[in-house]
Amino acid sequence: MRINFTKMHGLGNDFIVLDAREEDLPDLGAETIRALSDRTRGIGCDQFIVLEPDPDASVRMRIYNADGGEVEACGNAARAIGLMLGKPATIATGGGLISTTPAENGIAVDMGEPRFGWEAIPLAYAVDTDAMPVGWDMLEQPSAVNVGNPHAIFFVPDCDAVPLDELGPQIEHDPLFPQRVNVNVATVVDRKTLRLRVWERGVGLTRACGTGACATAVAAMRRGLVDREVSVELPGGPLSIAWHQDNRIIMTGPATQAFRGSFELDDYT
Ligand SMILES: N[C@@H](CCC[C@H](N)C(=O)O)C(=O)O
């Protein structure tokens, strides 16, 4: 069976997108998604996205990490799908209903409300999620936020100096996080600017993480470190994040269509 796909990215965080809205596609399964996402033997991507019809939204977005595991949220993919849809739209995800609107500088996404309760992150035990009394080497007292998916955020003097390729996997798999976690290291530049690097659950280091930018901005705002609207500068470029008085997070930034192609399913099963 030959399957068409579109390759999209948001600030270098890249996606293979399959559209199952009009044609029935088989459930590919974790092993096939892992093979297709692999940059050495497959097409290569950070996340694998499947679009499906949804009775209560413009589209349902199913999100799989490169390791084949299905997850609840992906901010950069939301902007990419918003670009593909080309008009104001609602997207049903495992993390809740979000909405996208074309904006002057890309796509604006209403990402919904952050959750701070330890059960909602989720964590293995009750702890203050504003500054958790835990640490791994140079990384200490993270905040934890769920923005559809789980994030731990460490504020450090220089995020570029953190060996995130070593500490990221340790923290991702720590028993404190029963569903594993996305690991963010952030530096406050000034009250309107954060720098951020992310070790993504199920992927590794990526050039940008939209939900990581939202979680980090909200954690910094909750600690009073920055204003309620900031620029989050990632290796792939900046995202604007605003946390509105109605408790909703608005993320704005670019998305890009790279190319369209097709693959033979048998080659990856
Ligand atoms: N790249 C994403 C986040 C994708 C999911 C994440 N790795 C997880 O496991 O929760 C983004 O832009 O938000």
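Modeller: Cys209 sits in the loop that joins strand S15 (204-206) to H4. In this predicted model, Cys209 counts as buried because 34 C-beta neighbours lie inside 10 Å, the threshold being 20 or more. Apart from neighbours within four places in sequence, the contacts of Cys209 are Asn13, Asn76, Asn182, Val198 and Glu200.

An unreviewed UniProt entry places the feature "active site" at Cys209 and also at Cys74. The two positions are spread over 136 residues of sequence, yet they cluster in space, with a largest C-alpha distance of 7.7 Å. Cys74 belongs to the loop between strand S5 (70-71) and helix H2 (75-85). Cys74 is likewise buried, since 28 other C-beta atoms are found within 10 Å. When neighbours within four places in sequence are set aside, Cys74 is in contact with Gln47, Ile63, Gly210 and Thr211.

The domain assignment of the chain gives domain 1 (2-103 + 255-262) and domain 2 (135-246). Their C-alpha centres lie 23 Å apart, and the contact between them takes 20 residues from domain 1 and 18 residues from domain 2. On the side of domain 1 that touches domain 2, H2 gives the most, with four residues. By class, that side of domain 1 has six nonpolar, ten polar and four charged residues.

The nonpolar packing can be described next. The largest nonpolar core has 77 residues, and those with the most contacts inside it include Ala77, Ala213, Cys214 and Ala217. Helix H4 (residues 210-222) gives the most to this core, namely seven residues. The core lies between domain 1 and domain 2, because both give residues to it. In general terms, nonpolar side chains tend to be buried together in soluble globular proteins. For Cys214, neighbours within four places in sequence again being left aside, the contacts are Gly75, Met111, Val147, Ile241, Ile249 and Met251.

In helix H1 (residues 29-37), the buried residues are Ile33, Arg34, Leu36 and Ser37. Seen down the axis of H1, these fall within an arc of 165° and therefore line one face of the helix. What covers the buried residues of H1 includes strand S2 (13-19), strand S3 (47-52), strand S4 (59-65) and strand S19 (256-264).

Conventions:
Residues are numbered from 1 along each chain as its sequence is written. This is a predicted model: local features need pLDDT of at least 70, side-chain atom pairs count only at pLDDT 80 or more; totals for chains, interfaces and linings use all residues. A nonpolar core is a set of buried Ala, Val, Leu, Ile, Met, Phe, Trp, Tyr and Cys residues joined through C-beta atoms within 7 Å. A residue is buried if 20 or more other C-beta atoms lie within 10 Å of its own, exposed if 12 or fewer, and partly exposed in between; C-beta atoms are placed from the backbone. Helices (H or I, at least four residues) and strands (E, at least two) are DSSP runs, numbered from the N terminus. Domain bounds come from an automatic or database domain assignment. Two residues are in contact if their C-beta atoms, placed from the backbone, lie within 7 Å. The arc is that of the directions from the helix axis to the C-beta atoms. UniProt positions are given in the numbering used here, feature names are shortened, and annotations may be inferred rather than shown by experiment. Ala, Val, Leu, Ile, Met, Phe, Trp, Tyr, Cys and Pro count as nonpolar, Asp, Glu, Lys and Arg as charged, and the others, Gly among them, as polar.
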